[in-house]
Amino acid sequence: MIRLRTDGLLRRLLLFILLFSLCFTVLASSVQLYFEYRREMRDIEARMALIRAGYLASLERSLWDLDEAQLDVQLRGLVDFSDVARVRLVSDDFTLLRGDAEPKGPLRIERFPLDYQPPSGPARHLGELEVSIDLGAVHRRLYATGLASLLWMGVFLCGLAVALSGLFYRLVTRHLQVMAEFARRIGAGHWQQPLRLDRRRSARPDEIDTVAHALDDMRRAILSDIERRELDRLALQGKRDELQAMVERRTASLARAKDEAEAANLAKSRFLATMSHELRTPLNGILGMAELLRGARLDATDRQRLEALYKAGEGLLAILDEVLCFARLEEGESHAETLVFSLRQLCGEVLALLEPMALERGDTLHVAIDGQLAEHQHGAEQYLRQVLSNLLANAIKFTEHGQVTLRVQVLASDERGQRLRVSVSDNGIGIEPAMQAKIFDRFIQASEAVARRYGGTGLGLAICKHLVQKLGGCIGLDSVPGQGSCFWFELDMARGQPAVAREHAHVASASLDILVVEDVALNREVVGGLLARDGHRVCFAEDAEQALQACAQRRFGLILLDVHLPGMNGVELCRRIRATPGPNRDSRILALTAGVQPAQVPGYLAAGMQGVLAKPLRLGQLRQALAEAAPAELAAPADGAGMDWSLLQTHRSLLGEQKLQDLLAVLRQSLEQHATALADALQAMDCTEVLHLAHRLAGSCDSLGFAGLAALLRRLEAAAQRHDAQALLALGEPLTAQLEQARTTLQQLTQR
């Protein structure tokens, strides 16, 4: 007896056979029913044709003769036809109905016109014969036929499926079960017992025999492999201790190398920070004193010597900046901040900046910009500015009484962006072919003679290569010695939407009271001389204690803090000034430092400083900072919202666009959270809550340039501190207007 197992393979086979049998049975029955239905319809059509050919003429004659009895006999004869449920004759003289008055089920109704041709005269329309065919009887016969066919075919195919399943079990499934049990034994580690199938050996092995032989061969191969592995294990066991000792030695060596590398990296960072501070501090004195002496009355020889001194200091500062810039790039501290800008405008600005250098060397500058260039781009504008500045400065430097051309070409363009090729060509000294492949490496110059004659660090082109690669582009050059060089780079630039102008230049038109906190006497003299030249009143403090005493006695329009002060440093001093009630709690404070590493700047801003002045000080930078610190009534922005756009631009240049956007988003969220609470506190005249919220919001607004809103919040804070209900009521409406303006401005700024 065949025992049907519930194993997956046999069960699936039986299921597939039954499913196929069912589909085949249904399909065959459907085909059979279709042909039966066609036969039934043909029979009905034949009966209708018989009525049309054999009955209509006699009915027309009887109707013409008005022989009702004959008509009744004829209609009854029609009702006796198969599947005719009802016959009705309608004329002007008779309305006869035979069969079921209201037959059930679906009907097919055929209507025959009764026209009689008398012996003389035209044909006469006598009436109409209506024959109703009972399709329900046809459907019942088809149903019975189909059901019988399904039953017989289903029984036959199910029997066939069971028979095939039994045969498959006998020929395949039971042997697969034996082989599966054999594989489980192999997996459990029982390799000695061979595979035996319960079947007669055949002269022609089939697939089952092939699989069984392969499994047994696998068993023998496993036994052989185990023996070989055991021999290998015994052979390798003697080497294991030696290898382990070697690994331990290498691990210790790698650990020492890691510690040395970390120490070297830390020493490098400390060296860069120390070099930045220690070199910029004396440079501040050199360039500052030279700047002061420029205003003195000197003869031609002394003025020439002074200019030589100033240019030497400028050159030393440029070398220092290049070294520090390349170090930041290698350490990954420099990140591309993207913003919307105009490449046309950028090219014009860089050319205008370098034009004095070109005129000094007798060079002429040309620019050629493709007319297809988009009006605005979106990308790392600062990186492009530095690359263009380096390439143009190099071209001017190595060209005398020649021509330097900046060219921008559009290689490809679509709706998202453009592929650009920017080139800087000159007709200067050129570069030897042997040096062209290495010219972008660090500390590499065209030749030793060029290095001696023109100077430089050999880092400018290496910085350009780093920056272009960070932008996803490529850089190269074409040069012929003695005829000139063409440095080019290609990159993809996304199109940008023009941003609404948000910066306003401020020019201080009055002198300021300024406190300079600096521990180095030379630096105090330099800063004091530069400030006094523009008519400002300057007070000095050598350390934090003197600065706090001065801040407690009078108000200053601007405070310049050296970061590296003895005792309490400048960052802690700024925090003390901001946290101590007094006349200088809201004064503008700038960091005065030689430490210009990007990682240090956020700490200065977090302490309450509103910008950084890098040593050595330049007169232009100092004047710009003074213009930004001018009183509100002298330097009010043109938009009426009380925005300090220059401070916002300072944050953008120091922190980058992405960090600035994050800070603006935080301020926007803070205003949304606390504005309603502040309005409720004003309405309830809760002076304590108004004082707390106004103070909290004022600091955030002031640090991000919302000077108008910050000033109004300070007035609100002062009124709450005095419990002046009348002043609080008067400030309610202006506060609502300022908050709405601030929300609008923040929305515009954060959607750039």
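Two strands count as paired if DSSP finds at least two bridges between them. By that criterion, an open sheet of four strands has the order S2-S1-S4-S3, with antiparallel pairing. Helices (H or I, at least four residues) and strands (E, at least two) are DSSP runs, numbered from the N terminus. The model is predicted, with local features requiring pLDDT of at least 70 and side-chain atom pairs counting only at pLDDT 80 or more, while totals for chains, interfaces and linings use all residues. Residues are numbered from 1 along each chain as its sequence is written, and side-chain values use heavy atoms, with hydrogens and water left out.

- Strand S1 (residues 84–91) and strand S4 (residues 124–134) run antiparallel and are joined by seven bridges.
- Arg-88 is positioned opposite Glu-130 in S4.
- Helix H2 (residues 56–64) lies across S1, S3 and S4, at about 55 degrees to S3.
- Helix H3 (residues 68–79) lies across S1, S2 and S4, at about 35 degrees to S2.

**Nonpolar cores**

- A nonpolar core is a set of buried Ala, Val, Leu, Ile, Met, Phe, Trp, Tyr and Cys residues joined through side-chain atoms within 4.5 Å; buried means under 20% relative accessible area, exposed over 50%, and partly exposed in between (1.4 Å probe, protein chains only).
- The largest such core has 41 residues, and those with the most contacts inside it are Leu-343, Leu-388, Leu-391, Leu-392, Leu-406 and Phe-489.
- Among the elements giving two or more residues to this core are helix H7 (343–360), helix H8 (381–397), strand S8 (403–413) and strand S11 (484–495).
- H8 gives the most to this core, with eight residues.
- Leaving aside neighbours within four places in sequence, Leu-343 is in contact (heavy atoms within 4.5 Å) with Leu-373, Gln-377, Val-408 and Leu-420.

- Six of the six residues of strand S15 (residues 588–593) are buried, so S15 is largely enclosed by the rest of the structure.
- In a regular strand, side chains alternate between the two faces of the sheet.
- Both faces of S15 are covered, with Arg-588, Leu-590 and Leu-592 buried on one side and Ile-589, Ala-591 and Thr-593 buried on the other.
- Strand S14 (residues 558–562) runs parallel to S15 and is joined to it by five bridges; Ile-559 stands opposite Ile-589 in S15.
- The chain passes from S14 through helix H14 (residues 570–579) to S15 in a right-handed β-α-β crossover; right-handed means that, with the strands pointing away from the viewer, the path from the first strand over the helix to the second runs clockwise.
- Three bridges join S15 to strand S16 (residues 612–614), again in parallel, and Ala-591 has Val-612 in S16 as its bridge partner.

**Positive phi outside glycine**

- His-401, which is not a glycine, has a positive phi of about 55 degrees.
- His-401 lies in the loop between H8 and S8 and counts as exposed at 67% relative accessibility.
- Met-685 also has a positive phi, near 55 degrees, in a residue other than glycine.
- Met-685 lies in the loop between helix H18 (657–684) and helix H19 (687–703) and counts as partly exposed at 27% relative accessibility.

Key
Axes fitted to C-alpha atoms, helices over the stretch in contact; angles between N-to-C directions.
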